[in-house]
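Work through the two exercises below with the sequence and the structure at hand. Each task is followed by its solution.

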Amino acid sequence: MPTQSAETIGLLQDLIKIESINPSLSPQGSGEQGVAKFLEGFCKERNLAYGIQEVADGRSNFLTWVPGKEPDRRILFIAHMDTVPIDRWESDPFSGEQRDGRIYGRGSCDTKGSLAAMLIALSSLGERQPRATVVLAASIDEEYRKLGARAIADSGVTYEGAVVGEPTELELVVAHMGSVRWQIEVQGVPAHTSKPHLGVNAITGMAKVVLALDEHHRSLVSRAQHPLVGSAQLTVSLIEGGLELTTVPPVCRIWVDRRLIPGEQPQDALAEVESILEGLRQGEDKINVRSLLPALEDPPPISSESSRIAAVAAAACAHVAGTGEQKGATGGSDANQLSLAGIPCVIIGPGRTAQAHTNNEFVEIAQLIKAAELYQKIMLTY
Ligand SMILES: [Zn+2]
(Lines give C-alpha, C1' and ligand atoms only; values in the text may rest on other atoms or scores of the structure.)
Protein backbone atom coordinates (compact mmCIF):
# COMPACT_ATOMS: atom_id res chain seq x y z
CA MET A 1 0.00 0.00 0.00
CA PRO A 2 1.44 3.41 -0.90
CA THR A 3 1.50 5.96 1.88
CA GLN A 4 -1.18 8.61 1.83
CA SER A 5 1.33 11.24 0.61
CA ALA A 6 2.51 9.06 -2.26
CA GLU A 7 -1.11 8.33 -3.13
CA THR A 8 -2.00 12.04 -3.25
CA ILE A 9 1.01 12.83 -5.45
CA GLY A 10 0.28 9.91 -7.77
CA LEU A 11 -3.37 10.87 -8.07
CA LEU A 12 -2.53 14.48 -8.93
CA GLN A 13 -0.05 13.29 -11.58
CA ASP A 14 -2.73 11.05 -13.09
CA LEU A 15 -5.19 13.97 -13.21
CA ILE A 16 -2.65 16.32 -14.86
CA LYS A 17 -1.93 13.71 -17.55
CA ILE A 18 -5.58 13.91 -18.68
CA GLU A 19 -5.84 17.11 -20.72
CA SER A 20 -9.09 18.87 -19.74
CA ILE A 21 -8.88 22.34 -21.28
CA ASN A 22 -12.22 24.11 -21.23
CA PRO A 23 -13.59 23.81 -24.80
CA SER A 24 -15.26 27.22 -24.50
CA LEU A 25 -11.81 28.79 -24.09
CA SER A 26 -10.01 26.80 -26.80
CA PRO A 27 -11.54 24.77 -29.64
CA GLN A 28 -8.73 22.22 -29.12
CA GLY A 29 -9.78 21.66 -25.50
CA SER A 30 -11.05 18.15 -24.73
CA GLY A 31 -13.23 19.23 -21.82
CA GLU A 32 -13.73 17.42 -18.55
CA GLN A 33 -15.03 14.01 -19.57
CA GLY A 34 -11.66 12.25 -19.49
CA VAL A 35 -11.19 13.33 -15.89
CA ALA A 36 -14.77 12.32 -14.99
CA LYS A 37 -14.20 8.86 -16.49
CA PHE A 38 -10.97 8.49 -14.50
CA LEU A 39 -12.74 9.50 -11.27
CA GLU A 40 -15.39 6.89 -11.92
CA GLY A 41 -12.67 4.22 -12.02
CA PHE A 42 -11.08 5.66 -8.87
CA CYS A 43 -14.37 5.48 -6.94
CA LYS A 44 -15.24 1.99 -8.20
CA GLU A 45 -11.86 0.70 -7.05
CA ARG A 46 -12.42 2.15 -3.58
CA ASN A 47 -16.10 1.28 -3.26
CA LEU A 48 -17.17 4.90 -2.99
CA ALA A 49 -20.70 5.88 -3.96
CA TYR A 50 -20.73 8.16 -7.00
CA GLY A 51 -23.02 9.82 -9.48
CA ILE A 52 -22.85 11.77 -12.70
CA GLN A 53 -24.79 14.97 -13.24
CA GLU A 54 -25.18 15.82 -16.91
CA VAL A 55 -24.90 19.58 -17.31
CA ALA A 56 -24.52 20.58 -20.96
CA ASP A 57 -23.29 19.29 -24.34
CA GLY A 58 -22.24 15.91 -22.94
CA ARG A 59 -20.27 17.64 -20.17
CA SER A 60 -21.04 16.32 -16.67
CA ASN A 61 -20.20 17.03 -13.05
CA PHE A 62 -18.85 14.04 -11.16
CA LEU A 63 -20.01 13.54 -7.56
CA THR A 64 -18.94 11.12 -4.86
CA TRP A 65 -20.02 11.02 -1.23
CA VAL A 66 -19.77 9.42 2.19
CA PRO A 67 -23.03 9.38 4.17
CA GLY A 68 -22.89 10.99 7.61
CA LYS A 69 -24.39 9.90 10.92
CA GLU A 70 -26.93 12.64 10.29
CA PRO A 71 -27.35 11.92 6.56
CA ASP A 72 -29.73 14.79 5.81
CA ARG A 73 -27.13 17.36 6.84
CA ARG A 74 -24.77 17.87 3.94
CA ILE A 75 -21.57 19.73 3.27
CA LEU A 76 -20.02 20.12 -0.14
CA PHE A 77 -16.41 19.96 -1.22
CA ILE A 78 -15.92 21.19 -4.76
CA ALA A 79 -13.01 21.57 -7.17
CA HIS A 80 -13.21 22.05 -10.90
CA MET A 81 -11.93 19.64 -13.54
CA ASP A 82 -11.48 22.10 -16.41
CA THR A 83 -8.32 24.12 -17.00
CA VAL A 84 -7.39 27.16 -19.04
CA PRO A 85 -5.51 26.57 -22.34
CA ILE A 86 -1.76 26.26 -22.62
CA ASP A 87 0.62 28.73 -24.15
CA ARG A 88 4.42 28.72 -24.28
CA TRP A 89 5.44 26.06 -21.77
CA GLU A 90 9.09 25.16 -21.30
CA SER A 91 8.19 21.52 -20.69
CA ASP A 92 5.28 19.16 -21.33
CA PRO A 93 2.25 20.75 -19.60
CA PHE A 94 0.66 17.32 -19.16
CA SER A 95 3.61 15.44 -17.68
CA GLY A 96 2.86 15.91 -13.97
CA GLU A 97 6.62 16.06 -13.49
CA GLN A 98 7.90 16.05 -9.90
CA ARG A 99 10.90 18.34 -9.36
CA ASP A 100 12.26 20.49 -6.49
CA GLY A 101 9.42 19.58 -4.14
CA ARG A 102 6.82 20.59 -6.70
CA ILE A 103 4.43 18.97 -9.16
CA TYR A 104 4.35 20.75 -12.52
CA GLY A 105 1.56 20.76 -15.07
CA ARG A 106 -1.53 22.55 -16.34
CA GLY A 107 -4.15 22.44 -13.59
CA SER A 108 -1.64 21.42 -10.89
CA CYS A 109 -2.70 24.33 -8.69
CA ASP A 110 -5.89 25.40 -10.52
CA THR A 111 -7.47 23.09 -9.33
CA LYS A 112 -6.43 19.45 -9.79
CA GLY A 113 -4.27 19.73 -6.66
CA SER A 114 -7.34 20.58 -4.58
CA LEU A 115 -9.32 17.85 -6.30
CA ALA A 116 -6.68 15.18 -5.60
CA ALA A 117 -6.37 16.28 -1.96
CA MET A 118 -10.17 16.24 -1.47
CA LEU A 119 -10.46 12.79 -3.04
CA ILE A 120 -7.75 11.32 -0.87
CA ALA A 121 -9.30 12.97 2.21
CA LEU A 122 -12.69 11.47 1.43
CA SER A 123 -11.53 8.03 0.31
CA SER A 124 -9.31 7.54 3.37
CA LEU A 125 -11.99 8.25 5.98
CA GLY A 126 -12.23 4.48 6.48
CA GLU A 127 -14.25 3.60 9.57
CA ARG A 128 -14.43 7.20 10.74
CA GLN A 129 -17.94 8.25 9.76
CA PRO A 130 -18.45 12.03 9.54
CA ARG A 131 -21.43 13.66 11.29
CA ALA A 132 -22.78 15.37 8.18
CA THR A 133 -22.86 13.70 4.78
CA VAL A 134 -19.81 14.80 2.80
CA VAL A 135 -20.37 15.29 -0.93
CA LEU A 136 -17.40 15.92 -3.21
CA ALA A 137 -18.17 17.48 -6.57
CA ALA A 138 -15.72 17.69 -9.46
CA SER A 139 -17.29 20.46 -11.50
CA ILE A 140 -17.17 21.49 -15.14
CA ASP A 141 -16.67 24.90 -16.70
CA GLU A 142 -15.40 26.93 -13.75
CA GLU A 143 -13.02 28.78 -16.04
CA TYR A 144 -15.79 30.14 -18.25
CA ARG A 145 -19.46 30.26 -17.23
CA LYS A 146 -19.36 28.05 -14.14
CA LEU A 147 -22.14 25.90 -15.56
CA GLY A 148 -21.19 22.99 -13.28
CA ALA A 149 -21.50 24.94 -10.04
CA ARG A 150 -24.66 26.52 -11.38
CA ALA A 151 -26.18 23.06 -11.93
CA ILE A 152 -25.29 22.09 -8.35
CA ALA A 153 -26.88 25.29 -7.03
CA ASP A 154 -30.01 24.54 -9.09
CA SER A 155 -30.19 20.82 -8.22
CA GLY A 156 -32.48 21.28 -5.21
CA VAL A 157 -30.06 19.42 -2.91
CA THR A 158 -29.30 21.59 0.11
CA TYR A 159 -25.87 22.09 1.65
CA GLU A 160 -25.10 23.76 4.97
CA GLY A 161 -21.79 24.99 3.65
CA ALA A 162 -19.15 24.43 1.01
CA VAL A 163 -15.38 24.20 0.78
CA VAL A 164 -14.21 25.40 -2.61
CA GLY A 165 -10.77 24.19 -3.68
CA GLU A 166 -8.81 27.00 -5.30
CA PRO A 167 -5.18 27.99 -4.75
CA THR A 168 -4.98 30.09 -1.57
CA GLU A 169 -1.75 28.65 -0.10
CA LEU A 170 -4.07 27.06 2.48
CA GLU A 171 -5.21 30.46 3.69
CA LEU A 172 -8.90 30.75 4.53
CA VAL A 173 -10.74 32.95 2.02
CA VAL A 174 -14.27 33.98 3.02
CA ALA A 175 -14.96 36.76 0.51
CA HIS A 176 -14.12 37.40 -3.11
CA MET A 177 -15.29 39.37 -6.09
CA GLY A 178 -18.02 38.63 -8.58
CA SER A 179 -18.15 39.83 -12.13
CA VAL A 180 -20.39 40.84 -14.97
CA ARG A 181 -19.04 40.76 -18.53
CA TRP A 182 -20.68 41.83 -21.72
CA GLN A 183 -20.20 43.46 -25.11
CA ILE A 184 -20.97 47.03 -26.09
CA GLU A 185 -21.46 47.96 -29.73
CA VAL A 186 -21.29 51.27 -31.56
CA GLN A 187 -22.95 51.43 -34.96
CA GLY A 188 -21.67 53.89 -37.55
CA VAL A 189 -22.34 54.50 -41.22
CA PRO A 190 -19.88 53.22 -43.85
CA ALA A 191 -18.46 55.59 -46.47
CA HIS A 192 -15.37 55.88 -48.66
CA THR A 193 -12.49 57.26 -46.59
CA SER A 194 -11.93 59.99 -49.20
CA LYS A 195 -15.38 61.33 -48.19
CA PRO A 196 -15.54 60.56 -44.46
CA HIS A 197 -18.14 63.31 -43.89
CA LEU A 198 -20.66 61.05 -45.67
CA GLY A 199 -20.23 58.36 -43.03
CA VAL A 200 -20.23 58.01 -39.23
CA ASN A 201 -17.07 56.57 -37.73
CA ALA A 202 -17.93 53.82 -35.21
CA ILE A 203 -14.34 53.64 -33.91
CA THR A 204 -14.30 57.37 -33.10
CA GLY A 205 -17.64 56.94 -31.33
CA MET A 206 -16.32 53.95 -29.40
CA ALA A 207 -13.23 55.93 -28.37
CA LYS A 208 -15.55 58.29 -26.50
CA VAL A 209 -17.42 55.38 -24.94
CA VAL A 210 -14.13 53.85 -23.74
CA LEU A 211 -13.02 57.13 -22.16
CA ALA A 212 -16.38 57.51 -20.41
CA LEU A 213 -16.06 53.96 -19.06
CA ASP A 214 -12.53 54.66 -17.87
CA GLU A 215 -13.83 57.65 -15.94
CA HIS A 216 -16.52 55.39 -14.47
CA HIS A 217 -13.80 52.93 -13.41
CA ARG A 218 -11.96 55.70 -11.56
CA SER A 219 -15.15 56.67 -9.75
CA LEU A 220 -15.66 53.03 -8.72
CA VAL A 221 -12.16 52.85 -7.26
CA SER A 222 -12.79 55.96 -5.17
CA ARG A 223 -15.98 54.53 -3.66
CA ALA A 224 -16.11 52.83 -0.27
CA GLN A 225 -13.94 49.72 -0.30
CA HIS A 226 -14.81 46.26 0.97
CA PRO A 227 -12.50 45.50 3.93
CA LEU A 228 -11.36 42.11 2.57
CA VAL A 229 -11.67 42.55 -1.19
CA GLY A 230 -10.94 46.20 -1.97
CA SER A 231 -12.70 48.26 -4.61
CA ALA A 232 -14.89 47.48 -7.62
CA GLN A 233 -13.18 47.58 -11.02
CA LEU A 234 -14.08 48.04 -14.66
CA THR A 235 -11.78 47.08 -17.53
CA VAL A 236 -12.38 47.36 -21.25
CA SER A 237 -10.52 44.18 -22.13
CA LEU A 238 -11.15 43.55 -25.85
CA ILE A 239 -11.89 45.73 -28.87
CA GLU A 240 -12.63 45.02 -32.51
CA GLY A 241 -13.86 47.35 -35.20
CA GLY A 242 -13.76 48.45 -38.82
CA LEU A 243 -14.15 46.59 -42.10
CA GLU A 244 -11.06 47.43 -44.15
CA LEU A 245 -8.51 50.16 -44.72
CA THR A 246 -10.51 52.49 -46.96
CA THR A 247 -13.97 52.34 -45.41
CA VAL A 248 -15.24 54.54 -42.60
CA PRO A 249 -15.85 51.88 -39.93
CA PRO A 250 -19.54 51.01 -39.62
CA VAL A 251 -19.23 49.03 -36.40
CA CYS A 252 -17.00 48.70 -33.34
CA ARG A 253 -17.37 46.38 -30.33
CA ILE A 254 -15.71 46.12 -26.96
CA TRP A 255 -15.87 43.63 -24.10
CA VAL A 256 -16.31 45.05 -20.63
CA ASP A 257 -15.25 43.15 -17.50
CA ARG A 258 -16.79 44.71 -14.39
CA ARG A 259 -15.62 43.21 -11.09
CA LEU A 260 -18.21 43.33 -8.32
CA ILE A 261 -17.42 43.55 -4.63
CA PRO A 262 -19.62 41.77 -2.05
CA GLY A 263 -22.94 43.58 -1.76
CA GLU A 264 -23.02 44.63 -5.44
CA GLN A 265 -25.33 42.92 -7.93
CA PRO A 266 -24.75 42.40 -11.67
CA GLN A 267 -27.95 44.19 -12.69
CA ASP A 268 -27.02 47.32 -10.70
CA ALA A 269 -23.59 47.46 -12.34
CA LEU A 270 -25.21 47.05 -15.76
CA ALA A 271 -27.73 49.80 -14.97
CA GLU A 272 -24.95 52.24 -14.03
CA VAL A 273 -23.19 51.68 -17.34
CA GLU A 274 -26.52 51.89 -19.16
CA SER A 275 -27.07 55.40 -17.82
CA ILE A 276 -23.61 56.41 -19.08
CA LEU A 277 -24.47 55.01 -22.52
CA GLU A 278 -27.79 56.85 -22.45
CA GLY A 279 -25.88 60.10 -21.84
CA LEU A 280 -23.71 59.38 -24.90
CA ARG A 281 -26.75 58.60 -27.04
CA GLN A 282 -28.38 61.87 -26.01
CA GLY A 283 -25.15 63.94 -26.07
CA GLU A 284 -23.99 66.19 -28.88
CA ASP A 285 -22.29 63.29 -30.73
CA LYS A 286 -25.50 61.21 -30.63
CA ILE A 287 -23.41 58.03 -30.48
CA ASN A 288 -25.39 55.00 -31.60
CA VAL A 289 -24.26 52.75 -28.76
CA ARG A 290 -25.91 49.80 -27.03
CA SER A 291 -25.11 46.89 -24.75
CA LEU A 292 -25.36 43.41 -26.26
CA LEU A 293 -27.14 41.35 -23.63
CA PRO A 294 -27.52 38.98 -21.86
CA ALA A 295 -24.29 39.47 -19.94
CA LEU A 296 -22.22 36.74 -18.29
CA GLU A 297 -23.23 37.22 -14.67
CA ASP A 298 -21.36 35.95 -11.65
CA PRO A 299 -22.66 37.56 -8.47
CA PRO A 300 -20.19 37.89 -5.58
CA PRO A 301 -20.47 35.06 -3.02
CA ILE A 302 -22.76 35.69 -0.05
CA SER A 303 -20.98 36.50 3.17
CA SER A 304 -19.65 33.41 4.96
CA GLU A 305 -17.69 35.27 7.64
CA SER A 306 -19.90 34.10 10.51
CA SER A 307 -20.89 30.71 9.05
CA ARG A 308 -20.28 27.36 10.70
CA ILE A 309 -18.20 26.16 7.75
CA ALA A 310 -15.85 29.16 8.22
CA ALA A 311 -15.52 28.45 11.95
CA VAL A 312 -14.83 24.74 11.39
CA ALA A 313 -12.32 25.52 8.62
CA ALA A 314 -10.53 28.06 10.83
CA ALA A 315 -10.23 25.52 13.64
CA ALA A 316 -8.92 22.91 11.17
CA CYS A 317 -6.31 25.40 9.92
CA ALA A 318 -5.16 25.99 13.49
CA HIS A 319 -4.48 22.24 13.78
CA VAL A 320 -3.02 21.56 10.36
CA ALA A 321 -1.83 24.49 8.26
CA GLY A 322 -2.35 28.12 7.34
CA THR A 323 -3.22 30.90 9.74
CA GLY A 324 -6.98 30.34 9.72
CA GLU A 325 -7.30 34.11 9.61
CA GLN A 326 -10.22 35.23 7.42
CA LYS A 327 -9.02 36.72 4.14
CA GLY A 328 -10.39 38.09 0.89
CA ALA A 329 -9.39 37.40 -2.71
CA THR A 330 -10.03 39.12 -6.00
CA GLY A 331 -10.61 36.32 -8.54
CA GLY A 332 -13.81 34.31 -8.98
CA SER A 333 -14.60 30.67 -8.17
CA ASP A 334 -17.46 28.21 -8.13
CA ALA A 335 -18.55 29.99 -4.92
CA ASN A 336 -20.09 32.72 -7.11
CA GLN A 337 -22.75 30.34 -8.41
CA LEU A 338 -23.18 28.30 -5.20
CA SER A 339 -24.18 31.54 -3.50
CA LEU A 340 -27.29 31.63 -5.68
CA ALA A 341 -28.52 28.67 -3.60
CA GLY A 342 -27.59 30.50 -0.40
CA ILE A 343 -24.66 28.17 0.39
CA PRO A 344 -21.98 29.88 2.51
CA CYS A 345 -18.57 29.05 1.02
CA VAL A 346 -14.99 29.11 2.15
CA ILE A 347 -12.24 28.92 -0.43
CA ILE A 348 -9.10 27.08 0.55
CA GLY A 349 -6.57 25.02 -1.34
CA PRO A 350 -2.94 24.30 -2.12
CA GLY A 351 -0.92 26.45 -4.52
CA ARG A 352 -0.52 30.14 -5.15
CA THR A 353 -2.98 32.26 -7.10
CA ALA A 354 0.01 33.80 -8.87
CA GLN A 355 0.74 30.35 -10.36
CA ALA A 356 -2.76 29.80 -11.75
CA HIS A 357 -3.14 30.32 -15.52
CA THR A 358 0.63 30.80 -15.98
CA ASN A 359 3.17 28.89 -18.03
CA ASN A 360 4.96 26.23 -15.99
CA GLU A 361 2.18 26.12 -13.37
CA PHE A 362 3.08 24.07 -10.31
CA VAL A 363 1.94 23.19 -6.80
CA GLU A 364 4.18 22.64 -3.79
CA ILE A 365 4.01 19.03 -2.64
CA ALA A 366 4.15 19.99 1.05
CA GLN A 367 1.01 22.11 0.61
CA LEU A 368 -0.74 19.42 -1.39
CA ILE A 369 -0.22 16.88 1.39
CA LYS A 370 -1.29 19.36 4.08
CA ALA A 371 -4.41 20.14 2.06
CA ALA A 372 -5.56 16.50 2.18
CA GLU A 373 -5.08 16.52 5.94
CA LEU A 374 -6.90 19.83 6.30
CA TYR A 375 -9.87 18.78 4.18
CA GLN A 376 -10.21 15.53 6.12
CA LYS A 377 -10.16 17.44 9.40
CA ILE A 378 -13.04 19.61 8.17
CA MET A 379 -14.97 16.54 6.97
CA LEU A 380 -14.65 14.91 10.39
CA THR A 381 -15.26 17.95 12.59
CA TYR A 382 -18.12 19.70 10.79
ZN1 LIG B 1 -8.58 29.33 -12.87
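Two residues are in contact if their C-beta atoms, placed from the backbone, lie within 7 Å. Helices (H or I, at least four residues) and strands (E, at least two) are DSSP runs, numbered from the N terminus. The model is predicted: local features need pLDDT of at least 70, side-chain atom pairs count only at pLDDT 80 or more, and totals for chains, interfaces and linings use all residues. Residues are numbered from 1 along each chain as its sequence is written.

**Exercise 1.** Find the buried residues of helix H5 and state what covers them.

Step 1. Helix H5 runs over residues 202–221.

Step 2. A residue is buried if 20 or more other C-beta atoms lie within 10 Å of its own, exposed if 12 or fewer, and partly exposed in between. By this rule Ala202, Gly205, Met206 and Val209 are the buried residues of H5.

Step 3. These buried residues fall within an arc of 90 degrees seen down the axis of H5, so they line one face of the helix. The arc is that of the directions from the helix axis to the C-beta atoms.

Step 4. The face turned away from the buried side of H5 carries the exposed residues Leu211, Asp214, Glu215 and Arg218.

Step 5. The cover over the buried residues of H5 includes strands E9 (178–187), E10 (233–241), E11 (251–260) and E12 (289–298), and helix H6 (266–282).

**Exercise 2.** Describe how domain 1 and domain 2 are placed and joined.

Step 1. An automatic or database assignment sets the bounds: domain 1 is 4–176 + 300–381, and domain 2 is 178–298.

Step 2. Their centres, taken over C-alpha atoms, are 35 Å apart.

Step 3. Domain 1 gives 11 residues to the contact, and domain 2 gives 11 residues.

Terms used: Expected span 1.5 Å × (residues − 1).
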